Amino acid sequence: MANDGWGLPQALARGVADLFPAGQGAAAAADPEQQLAARLAQAAAEGRPLRVKLGIDPTGSDIHLGHSILFRKLRSFQDAGHTAVLIIGDFTARIGDPTGKSATRVQLSAEAVEANARTYLQQLGQGQDPTRALLDFETPGRLEVRRNSEWLAGLDLPQVVELLGIATVGQMLAKEDFANRYGSGTPISLHEFLYPLLQGYDSVAIAADLELGGTDQKFNVAMGRDLQRQHGLRPQFGMLLPILPGLDGVQKMSKSLGNTVGLSEDPLSMYSKLEKVPDAVVEEYLTLLTDLDLAQLPANPRERQKAMALEVTRQRHGAEAALQAQVDAATLVGGAGGRGAAEAEVPEASLAAVHFPAKAFYLLSAVGICASSSEARRQIQGGGVKLDGERLADPNQEFADAAALEGKVLQLGKKTFRRLVAG
């Protein structure tokens, strides 16, 4: 079914890839069980907010812009007066979502999951300026943060058996990831079949009206509808958003692929990365990461790209920092012979941990610009490293002491800049 907005306000419909159920015809349009717009209208008439669920498994410590799409949509529902129910999957994270995985995930400890959860909430805006926070933590009634161990840790064996009885092996093997692994002979652990059921049970526990997810989560979201129905609850709607392409414009944004922009990145790094995304994905970034009116933007592709980079950076760091980042990025790229580096405001990297004399390849890894010395060698040999605007050609070029580098800007490609400081 083509996305005609499903009768939803533009802020709620923007960027949505799928909404289900979305029954057709006049009768369905007025049915709050078949049309989300009808349930919204019913809730407004009854003076109650919808409960909008988003579950996250804190299996890592960083949130990137690809993750932020769902949180932005959740914020849209908050701003429309509804209750966001953010479920921290502290129990399900110990199993690991099998979606998109070709092998059984390593199970995390409860301590590791809780540590990750704390960093997630900080990055989402807990205790921060609400105008730059992804979620509204301040307005009463707009956010519930729940951990699914509240209800899942207490399930006894009879309840687990009952839960397993709701789905069949055939249903599980219909899930693409399981089907691919089964067909290739890759082992599937039995506990992985529990994951969609437990995620679905979250919808029962919090009586969700709507669940948000990526397009790869349809199976899990639909399972929540089935379980709610089994427990005598009104089935939730499922709203799915696209998977954001990474900086390469091809594969999904993923830290393991090295094509991400982290929410906590400094303004210059964020702007510089976004300003260089391939033309083919700029419109998608504009739609999913900003609220800008695309019809009001310049037609020139380069100007649209810069507008996107500026707006995303502004959301995270404020207008002043975003504009400064734009100026600094132009200065660094346009400045010759180091003049641009001298004039720009650049994030600092400490030389305190560097052992001198230091070779260029070691320096890059020691200050954290490259993940390893071998990567640093490849980047230098490939011509991608500059020091104050001058290309470094020899990985073995040696620097005698910190004083020889103090204040200079080390540049990797066109996206990463660090001013070296002795302290």
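Helix α12 passes helix α14 in a right-handed crossing, the near helix being turned clockwise from the far one by less than a right angle. This is a predicted model, in which local features need pLDDT of at least 70, side-chain atom pairs count only at pLDDT 80 or more, and totals for chains, interfaces and linings use all residues. Residues are numbered from 1 along each chain as its sequence is written, and side-chain values use heavy atoms, without hydrogens and water.

**Helix α12 against α14**
- The axes of α12 (residues 267-274) and α14 (residues 301-317) come within 8 Å and cross at roughly 155 degrees.
- That angle makes α12 roughly antiparallel to α14, a label for angles over 145 degrees.
- From α12, P267, M270, Y271 and L274 meet α14 residues including M308, L310 and R316, where contact means heavy atoms within 4.5 Å.
- The residues of this contact comprise eight nonpolar, three polar and two charged.

**Helix α13 against α14**
- Helix α13 (residues 279-289) packs on α14 at an angle of about 35 degrees, with the axes 10 Å apart.
- The crossing of α13 past α14 is left-handed.
- Among the residues making the contact are Y285 and L286 of α13, and M308 and V312 of α14.

**Nonpolar cores**
- The largest nonpolar core has 61 residues, and M239 and Y285 have the most contacts inside it; such a core joins buried nonpolar residues through side-chain atoms within 4.5 Å, buried being under 20% relative accessible area with a 1.4 Å probe, protein chains only.
- Not counting residues up to four places away in sequence, M239 touches L8, L12, F77 and L210, among others.
- A second, separate core of 22 residues includes A349, L364, I369 and V385.

How values were computed:
Axes fitted to C-alpha atoms, helices over the stretch in contact; angles between N-to-C directions. Helix = DSSP H or I, 4+ residues; strand = E, 2+ residues; numbered from the N terminus. Parallel < 35°, antiparallel > 145°, perpendicular 65-115°, else oblique. Nonpolar A, V, L, I, M, F, W, Y, C, P; charged D, E, K, R; others polar. Buried < 20%, exposed > 50% of the residue type's maximum accessible area, 1.4 Å probe, protein only.
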